[in-house]
Amino acid sequence: VQDIAQKLVGQNWLRARSGPLIQSIEKIPTVDSVRVRRVFGWPLQLKVVVQERQPFAMIGGGNQWWMVDAKGIPYQAINQPKTANLDAFTGPNFNPQLGKPLPAVQWQKVTLLLNSMQQDQQLDPHGFRWDLRRVYFDRKGNVSLRLKDAPHQELLVQIGEDQWPAKLKRARLTLAYLDKTGQRAKVLNFVS
């Protein structure tokens, strides 16, 4: 960004051509937005203000994972999803490419699921948290959650492709019942 911004040095403060500079900086995958401001004071200055993309989720599989912002744009490759404290989404229909938004329908499902999980967590007065290792979307759009929390480690919660808020609530209540009774399960199926 600094190298590109150097092109403004020596330009007239009022007539500086910032359009091409902004376009060049916006091509950097980690940049969300750019603007050039005129700073009043002596000496007169132009200030380049860059807003970086903020991590929202991880998308990928195997050894190829991407940090994705809230707009569904993969902007940074990461080696180990364990290092980031974000929900990790995987599935055969996800094909993230650097700087290219995920398909709108696909990203809408991811955000809808994340919102449903956040709302469900707020419904529990005891502070329940969906502590997930992975979220799987199969070819048909069915969702399964792989838990990583200690009492239910590696438990698979299958919630299908619709009615996620009701299914998450039911799954949370089932987990509480299992905790209370000391029972364990490998799979909870709430697809139908």
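Ser-144 has a relative accessibility of 15%, so this residue counts as buried. Buried here means under 20% relative accessible area, exposed means over 50%, and partly exposed is in between, with a 1.4 Å probe and protein chains only.

Before going on, a word on the model. It is predicted, so to speak of local features we need pLDDT of at least 70, and side-chain atom pairs count only at pLDDT 80 or more, while totals for chains, interfaces and linings use all residues. Residues are numbered from 1 along each chain as its sequence is written, and side-chain values use heavy atoms, with hydrogens and water left out.

Back to the residue. Ser-144 lies in strand S8. Strands are DSSP runs of E with at least two residues, helices are runs of H or I with at least four, and both are numbered from the N terminus. Which residues does Ser-144 touch, leaving aside those up to four places away in sequence? They are Arg-134, Val-135, Tyr-136, Leu-156, Val-157 and Gln-158. Contact means heavy atoms within 4.5 Å.

What does S8 pair with? Strand S7, residues 132-137, runs antiparallel to S8 and is joined to it by 5 bridges. Two strands pair if DSSP finds at least two bridges between them. S7 and S8 form a hairpin with 5 residues between them, and Gly-141 in the turn has a positive phi of about 95°. S8 also pairs with strand S9, residues 156-160, in the antiparallel sense over 4 bridges. Leu-145 stands opposite Val-135 and also opposite Val-157 in S9.

Finally, the whole protein. There are 4 helices and 10 strands, in the order α-α-β-β-β-β-β-β-α-β-β-β-α-β from the N terminus. The radius of gyration is 22 Å, well over the 16 Å that the globule rule gives for 192 residues, so the protein is more spread out than a compact globule. That radius is taken over C-alpha atoms, and the rule is 2.2 Å times the number of residues to the power 0.38. The C-alpha atoms fill a box of roughly 75 × 35 × 30 Å along the principal axes. Of the 192 residues, 38% are buried.
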